[in-house]
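Here is a short report on one protein model. Look at the structure first, then read on.

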Amino acid sequence: MMNVCIAGAAGDGVRGGGVILGKIFSELGYSVFVYQEYQSRIRGGYNASVVRASEREIDSHAYYYDALICLQDYVFERHVDRLRGLLICDSSFSLDHDRKVEFPISETVKKLNLPDVSRNIAAISVFCKLFGVDIEVLEKVIRESFGERGERNIEAVKAVYEDLNVSIGQMQRVGERKELVSGAKAIAEGMLNAGLKFYYAYPMTPASPILHILAADSRCIALQPENEIAAIMMVIGSAFGGERAAVGTSGGGFALMSESISLAGMAEIPVLIILAQRSGPSTGMATFTAQQDLYFALNPAHGEFPLIVASPLTIEDSYKLAGDLLNLAWEFQTPAILLTEKHMTESYTTAKLGGVVKKEVEIFREKCSEVFERYKITESGISPYASPPALVKANSNEHDEYGFATDDAEIATKMYAKRMRKEKEIAKVVENLEPFVEMKNGKDWIVTWGSNFGAVKEVAEELGFSVAAVRFMRPLFLPKISGEMFCVECNYAGLLAKLLEAEGLEVKRILRWDGRPFTPEEIRREIERWAE
């Protein structure tokens, strides 16, 4: 197992370098996780990409580094306390460390007349040569990642391999090549495989990568309107027209969508919303992760209406839940929210994406001379769906079975109850979709949700804890839990912990709200503190 950090300034290609190194490990058959940490700035400051590789499956980076690649000298102080292995840096830096390999990285790039950002490839080449990675592997990854532009960077690779004569070990292939996938890519693929045709979003970190990915995909139309209100209204319009659509945003943009979500609830329009959490309140720390919007997602708008909320545990799970929620929204004609996080959408892991298919629903699309009975009262609460050219009426007001506004007490009572009956039907379906993941290792438990699962799973296996990881938040299902219980979350109050306490359970909280995700070492340390 190896945990490598690449650190430098914004503009140094740190994030791209982390992905390249992750692809090198995955090319050799390793399971890989890549964590990206960066400031909200274009140049300067500090960025870091932590790349972890293992022969066993992992879904988390680690706290301590086996190697630190410094692209700027001043970032060393931010990371030295985590370094337990080798420092790789430019020979012009004056950094004090017992195990250090210096190489004229900047000078090599300059001699080859390459752009300054190519120092990231040169530095990665130093790492690969030191650890015995065949040059052919590195060249292949660069060509696949950059196409024709990669040939110039390969000049830097060759120069490093020729000039560096130090070797530390030989990194062997451990299996077949694995695909490195981002959380944003997984969400996009899940929606596409479930029949997504339109995606609307106003750019907002950390949901923006989903828009970028879908804009380049011919299977759907991705549009950026003038703001978040326009985005969700376009989703409602597309769904009214019978086409599957979704919108993606973060907390600030989601707040603007509140009234439209309520409209979708009343008009029974299937809408999928990707809510990618970041640190708040307000702008907070725009490029850092959090799990602060759980209650906001559970209660996103005024009035009562059926709502489905789920949070993925891994990047592979992001793919599955994105597809499941789009299908569920259409099956039950109601809004659904995929509640994810910056740590999930912008991280990468080796994953196999497959299994999501579009679940067809019947849509009446024929011309007719009479208004369609769109809101017919049924035992399940699910009415027939119709879209133009059928004569169909949607209404934000309370309405009768044909969509005409009404304030009649009897009709309002029946229509309200019709909509709310869908909640029981939703619960029946969700119960068979693995609403939580349960791993039994011992009598005591760690309960969590979202991206914490990867780190929690490792610690639980090591210390002998059982794990309950919640996927569906509404409707909420929990396993039978007894014994001592810890709840791991990235927020201040312990939002899931409060829901557990409402069920009569006693919970010990392990929380952080500094914008950084948990590593296994940090969770283990907190459990040990409780034991003292």
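## Terms and ground rules

Ala, Val, Leu, Ile, Met, Phe, Trp, Tyr, Cys and Pro count as nonpolar; Asp, Glu, Lys and Arg count as charged; the others, Gly among them, count as polar.

This is a predicted model: local features need pLDDT of at least 70, side-chain atom pairs count only at pLDDT 80 or more, and totals for chains, interfaces and linings use all residues. Residues are numbered from 1 along each chain as its sequence is written, and side-chain values use heavy atoms, with hydrogens and water left out.

## Cavities

A cavity is a set of points on a 1 Å grid over the protein atoms alone, where a 1.4 Å probe fits but cannot get out; lining residues have an atom within 4 Å of a point. Grid points are joined across faces, edges and corners, and a volume is the space filled by probe spheres set on the points. By this rule there are two cavities of 30 Å³ or more.

The largest cavity holds about 70 Å³ of space. Its lining includes Phe 33, Asp 59, His 343 and Gly 454. That lining divides into four nonpolar, six polar and one charged residue. The second largest cavity holds about 30 Å³. Among its lining residues are Phe 240, Arg 374, Tyr 375 and Lys 393.

## Nonpolar cores

A nonpolar core is a set of buried Ala, Val, Leu, Ile, Met, Phe, Trp, Tyr and Cys residues joined through side-chain atoms within 4.5 Å. Buried means under 20% relative accessible area, exposed means over 50%, and partly exposed lies in between (1.4 Å probe, protein chains only). In soluble globular proteins, nonpolar side chains tend to be buried together.

The largest core has 84 residues; Met 191, Leu 196, Tyr 199, Leu 214, Ile 273 and Leu 325 touch the most other members. Helix 13 supplies the largest share, 10 residues. Helices (H or I, at least four residues) and strands (E, at least two) are DSSP runs, numbered from the N terminus. A second, separate core of 48 residues includes Val 32, Val 34, Leu 114 and Val 137.

## A closer look at Val 126

Val 126 sits in helix 4, residues 119–130. Is Val 126 buried or exposed? Val 126 counts as buried because its relative accessibility is 0%. Contact means heavy atoms within 4.5 Å. Setting aside neighbours within four places in sequence, Val 126 is in contact with Ile 88, Val 101, Phe 103, Val 160 and Leu 164. Leu 164 is 38 residues away along the chain, yet the two C-alpha atoms are separated by 7.5 Å.

## Salt bridges

A salt bridge is a side-chain nitrogen of Lys or Arg within 4 Å of a carboxyl oxygen of Asp or Glu. The structure holds 38 of these salt bridges. One joins Lys 320 and Asp 324 (2.8 Å, N to O). The two are four residues apart in helix 13 (residues 315–332), so about one helical turn separates them. Lys 320 is partly exposed at 37%, whereas Asp 324 is buried at 13%.

Arg 512 pairs with Glu 522, with the closest N and O atoms 2.9 Å apart. This pair links distant parts of the chain: Arg 512 lies in the loop between strand 22 (508–511) and helix 18 (520–531), and Glu 522 lies in helix 18, 10 residues apart. Arg 512 is buried at 13%, and Glu 522 is buried at 10%. Salt bridges also link Glu 27, Lys 140, Glu 144, Arg 173, Arg 177 and Glu 179 in a network.

Notes: On a 1 Å grid over the protein atoms alone, a cavity is a set of points where a 1.4 Å probe fits but cannot get out, and a pocket is an open set with protein on both sides within 12 Å along at least five of seven lines; lining residues have an atom within 4 Å of a point.
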